[in-house]
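The following report describes a single protein chain. It is intended to be read alongside the sequence and the coordinates.

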Amino acid sequence: MGTPSLRAVLVLAVALVGLSAPCATHGQPNFIVILADDVGWGDLGANWAETKETPYLDELAAEGTRFVDFHSAASTCSPSRASLLTGRLGARNGVTHNFAVTSVGGLPLNETTLAEVLREAGYSTGAIGKWHLGHHGHHHPSFRGFDYYFGIPYSHDMGCTDTPGYNLPPCPPCPRHGMASRVARKDCYTEVALPLFENVTIIQQPVNLSSLTARYAQEAARFIQRASDSGRPFFLYLALAHMHVPLGVPPPPPALGGDIYGASLSEMDALVGWIKQVADSHGKGNTLLWFTGDNGPWAQKCELAGRLGPFVGAWQRQRGGSSAKQTTWEGGHRVPALVYWPGHIPAKRTSHALL
């Protein structure tokens, strides 16, 4: 595959969002892509009136353009992420399944990532959060176009942690030093403690899930500050742990009625609001911020899974089953999508374009 030019990337962005104002001529824009994990189309209050936990995302929708018919490229993690970063479907980029803890491969090395294209154009590039496109050798994000990486190599249920969080069924924490390992369950990955990377160095293992949100927010702000101080435009790919289980939130306050998912959704919403605030503080209108999801909610997790909104069809109502993650029903791949770029992208706009 030939390397696409920065011009091609920007032309695609312009065509996609239908800008009503010309691009700024004083410099290249910054890009922030925030990718939520297992978020439902109905988890966004702007999409679904029953959702009350996303005031910051709803504000983002009001100040930008909301796409209501936007679809991820796949209904599982690795294939959708590979497509997001290469612009090519799994049938073309070679990623058609999720990578595991034991996987030695990853996104094929001959694939060009958006980070590589932008870095060649002079951008500072950073990836914070879940990677899940290969963690050995040159499959690591530090070798795929990113100047800086801080995060976990795969899903945070793919390894034991010291704070297991909320999951169905619940998984045990990593065994403490000197204690015998508990009975292993194949769905809990008790054999390997989940690592946290900074670039190619493991800085914590096992990960403390309860502090992961704050650390992501802190590192994202630092990356934006460093890039701004350098005078270079930046590309930040922020791949959140929310809303994938285990949900690592403290017990929700009584006001939420014990709604663990709602508390975690509120936490994600506040994180997105913080990133928007940080970006705006470095020059409002200089940064295009895109929020979307990798696939629909993990319905098998019951009350710990997200909302499908209206995408439950006659088949599910009559026959049962799921229309969410891991299926090709609409709820598996139709995801929330918001684009915010003051002065360039129209505010208070809803697009029904199929994207």
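How many of the ten residues of helix α3 (residues 77-86) are buried? Nine of the ten are buried, so helix α3 is largely enclosed by the rest of the structure. Here, buried means under 20% relative accessible area, exposed means over 50%, and partly exposed lies in between, with a 1.4 Å probe and protein chains only. Helices (H or I, at least four residues) and strands (E, at least two) are DSSP runs, numbered from the N terminus.

**Basis of the model**

This is a predicted model, in which local features need pLDDT of at least 70 and side-chain atom pairs count only at pLDDT 80 or more, whereas totals for chains, interfaces and linings use all residues. Residues are numbered from 1 along each chain as its sequence is written, and side-chain values use heavy atoms, with hydrogens and water left out.

The pLDDT, the predictor's confidence in each residue from 0 to 100, averages 90 over the protein, and 88% of the residues score at least 70. A contact means heavy atoms within 4.5 Å.

**Overall architecture**

The secondary structure comprises nine helices and ten strands. Of the 355 residues, 55% count as buried. Among contacts with a separation of 6 or more, 73% are between residues 24 or more positions apart. The protein exposes about 15,200 Å², of which carbon and sulfur atoms supply 57%; accessible areas come from the Shrake-Rupley method with a 1.4 Å probe, and for residues only the protein chains shown count as cover.

The buried residues of α3 are C77, S78, P79, S80, R81, A82, S83, L85 and T86. Of these residues, C77 has a relative accessibility of 1%. The cover over the buried residues of α3 includes β1 (30-36), α4 (90-93), α5 (114-120) and β7 (234-239). After α3 comes G87, which has a positive phi near 75°.

In helix α2 (residues 55-63), L57, L60 and A61 are buried. They cover an arc of only 100° around the axis, which puts them on the same side of α2; the arc is that of the directions from the helix axis to the C-beta atoms. Among the elements covering the buried residues of α2 are β2 (65-67), α7 (260-281), β8 (287-293) and β9 (337-340).

**Strand β4 and its partners**

Two strands pair if DSSP finds at least two bridges between them. Strand β3 (residues 124-129) runs parallel to β4 and is joined to it by three bridges, with A127 standing opposite Y149 in β4. The pairing of β4 with β5 is antiparallel, over two bridges, and G151 has F197 in β5 as its bridge partner. From β4, Y148 and F150 point one way while Y149 and G151 point the other way, and all are buried.

**Disulfides**

A disulfide is a pair of cysteine sulfur atoms within 2.5 Å. A search of the whole structure finds two, which are set out below.

| Disulfide | S to S distance | Angle about the S-S bond | Hand |
|---|---|---|---|
| C160 and C174 | 2.0 Å | 105° | right-handed |
| C171 and C188 | 2.1 Å | -80° | left-handed |

C171 is buried, with a relative accessible area of 18%, and C188 is buried, with 4%. When the bonded cysteines are numbered in sequence order, the pairing is 1-3, 2-4.

**An exposed loop residue**

Is T328 buried or exposed? T328 is exposed, with a relative accessible area of 74%. T328 is placed in the loop between α8 (314-319) and α9 (330-333). The C-alpha atoms of T328 and A74 are separated by 8.1 Å, although the two residues are 254 residues apart along the chain.
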